[in-house]
Amino acid sequence: MEERHFIPESGGDQEPPQEAVEVENRREVRLQPGAEEKLVLQFMDSLNSYLSLSHSLSSTLGQAWMELASARHSMGTARLNTSLLDLKFHPASTTLKITEYDVDSVDAKAWFVLRKWVSSEEVEEDEDSNSTKFSERADDDDDVVVRRERAKSLSVFGILIPPKLRAAQLSFERALETLVEMANMRSRFLYSFHQLHQEVEDTKE
Amino acid sequence: MYGFEAMTFNIHGGYLEAIVRGHRAGLLTTADYNNLCQCESLDDIKMHLSATEYGPYLQNEPSPLHTTTIVEKCTLKLVDDYKHMLCQATEPLSTFLEYITYGHMIDNVVLIVTGTLHERDVQELLEKCHPLGMFDSIATLAVAQNMRELYRLVLVDTPLAPYFSECITSEDLDDMNIEIMRNTLYKAYLEDFYRFCEKLGGATAEIMSDLLAFEADRRAVNITINSIGTELTRDDRRKLYSNFGLLYPYGHEELAVCEDIDQVRAVMEKYPPYQSIFAKLSYGESQMLDKAFYEEEVKRLCLAFEQQFHYAVFFAYMRLREQEIRNLMWISECVAQNQKSRVHDSVVFIF
C-alpha cells in the first residue's frame, strides 16, 4: 500500500504564483508569538502518541500470535495451517482509503482510513465526480454483516472453530487498527516536524 | 470370558504388550518438562530432547529450528513405534491398531478436499497430512466434485467406506458440507470402534468403552461450543453427537439447545465425572476447557496401564504420545514467541 505525503513545498521558487498569497498567510500564522512553541508541543505530542501506539501494537500482536498458537494446539496442525488458505479470487474484506491532508485545519484529517469487512457492501461508482458512495445500513445490520464477514473469513479452517481462533482474529483486527493509527500519527508528526523546520529556516532568514 | 485373559493373552499379545509398556516408560517426565520450560530458544529444546527418545529424530535438523519441524520429527517417532507394533500384530490386535488411525485418515481426507476446494496444490496438501492417516489413493481425492464422487472414486476401497453411508449426497462440496462430512464420519468411526471393542469383550471392552465414551462426550461439548453463533441448526448439531457415552441421550438433548457456554456448563454439571472439569473454569470462560479435558483424558489413559492382558494399553500409549507432542508444540511456541509465562496454560503433565 503506497503512502502519499502531502507536505507543502519549502521556498517560493517551485510554487505557482497563485499560491504565493496562501503561503504568505501561512507564514504570517507561523510567525505569530508562541507559534513555534505550539509546533514543538504538537510534534512532541504526536511523537509520544506514536510511541504509545507502537507499544500497544507490540503487546496486541504478541497476544494475537499466542491466541493463534493456542487455537492450533486445540484444533491440531492439520486443521489450522497455511495450505488451507483460499487462493480463489475474492474481494478484499478490508480496504485502506487514503484521503488528502487538510493543511489549513487545526485538527488534521486522517490520511489513512481503514474500512473493515467491506467485501459485502454495495458500492455505487459515481462516474462524474469519481468518488464513491456507500449504502447506509442500520447499526444492527452492521453487526450482523460484520459477524458474517468474520465467520466467512475464518470458514477456510472449517465452520466449527473454537473460540480461541475467533479471539485471535479479533486481536489481529485490533492490531491492524493500531497500525493504521500509527501511520496517521507518523504522518502527523512528520508534518509537524516539517513545519517546525520551516519555522527555524524562516527565523534564520 | 472376562478374567481368563491371563491364560491366553501372552501367546499372541505378550511381546507387543511388553513393547508398548517399554515405550510408555520413555514418555517425558515432570523433570523433563521443567527443563524444557526453562529453555531460551528452540535449539535449547532440541538439546534437551537429544537425551530423550526423540534425540535420533532431531539430531540432524539444522538451525534455525521451527516449531513445526519439532512437531513433525516427534510425530515420526510415534509413527515408527506404531508401524513396528502393527507389523508384529496378529488379529484381532492388528485391526484394533488400524482403528486407532482412522481418525487421522478422516482428518487427511478433509484436509485434501478442503485444500482442493481452495485451489491449493495437491502436493502441498499431501505434505501437511498426518503420516498415520495416509492411504494409497489419497491424492485422487482432488478430482472429486461432490461426496458421491468422493466415495465412488476413492473412499469405497478404504476403511472409511462404511462410514460414508450417512453423508453421500450429490451436492457440491462447500465449507459447510465438508464440516458436516468430517463430523459425521468421525461419529460413525467412533461408534464402529466402540462396537468392535464391545465385541472383543473382557478388560479391553471395559476400559476402551470408558475411554471412547469420554471421547464421544468431549466431542459433543466441543461441537456445541464451536457451533454457538454459527449457521448450524439445532437439529444438525444434534445429528453430529455420537449415539453412546455418558451424555447419551438426555445430555445430548440439552446440549443441542444451548446458546452459550454457561448453559453448556449447567448441562455438564449434572454429570459427576464432568463436575470437576467445569469446576476449574470461571463463568463465561472456555479458554481452559481444552486443558481440563486433556488432563482428565490423561488420567484415564494412565489408569489403562494398571491392568494387564488387554488392548487398551496400545490405544492409551498412542494417545499419550500425541498429548506429549502437543505439549512439546506448546512449549516450543511459547519459547519461540518469548512468552514463557504462558507455558503452563496448556501443558498437561503425564506423570
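Biologist: How many salt bridges does the rule find across the interface of chain A and chain B?

Modeller: Bear in mind that this is a predicted model, where local features need pLDDT of at least 70, side-chain atom pairs count only at pLDDT 80 or more, and totals for chains, interfaces and linings use all residues. Residues are numbered from 1 along each chain as its sequence is written, chains are lettered from A in the order in which they are written, and side-chain values use heavy atoms, with hydrogens and water left out. A salt bridge here is a side-chain nitrogen of Lys or Arg within 4 Å of a carboxyl oxygen of Asp or Glu. Across the interface of chain A and chain B, the count by that rule is two.

Biologist: Which residue of chain B forms a salt bridge with A:Lys164?

Modeller: The closest N and O atoms of the pair are 3.1 Å apart. The partner of A:Lys164 is B:Asp290.

Biologist: What area do chain A and chain B bury between them?

Modeller: Buried area is the accessible area (1.4 Å probe) that two parts lose on being put together, summed over both. Carbon and sulfur atoms carry 58% of it for this pair of chains. On the chain A side, A:Met66, A:His73 and A:Leu160 supply 27% of what chain A buries, more than any other three residues. The total for chain A and chain B is about 3,100 Å².

Biologist: Now inside chain B: what is the distance between the C-alpha centres of domain 2 and domain 3?

Modeller: The bounds come from an automatic or database domain assignment, which puts domain 2 of chain B at 88–199 and domain 3 at 200–308. Their C-alpha centres lie 23 Å apart.

Biologist: Which helix gives the most to the side of domain 2 of chain B that touches domain 3 of chain B?

Modeller: Contact means heavy atoms within 4.5 Å, and it takes 16 residues from domain 2 of chain B and 19 residues from domain 3 of chain B. Helices are DSSP runs (H or I, at least four residues), numbered from the N terminus. With 14 residues on the domain 2 side, the top contributor spans residues 175–200 of chain B: helix α10.

Biologist: And how many salt bridges are there between domain 2 of chain B and domain 3 of chain B?

Modeller: The area buried between these two domains is about 1,600 Å², with 71% from carbon and sulfur atoms. B:Lys187, B:Leu190 and B:Tyr194 supply 33% of the area that domain 2 of chain B buries there, more than any other three residues. The salt-bridge count between domain 2 and domain 3 of chain B is zero.

Technical notes
Helix = DSSP H or I, 4+ residues; strand = E, 2+ residues; numbered from the N terminus.
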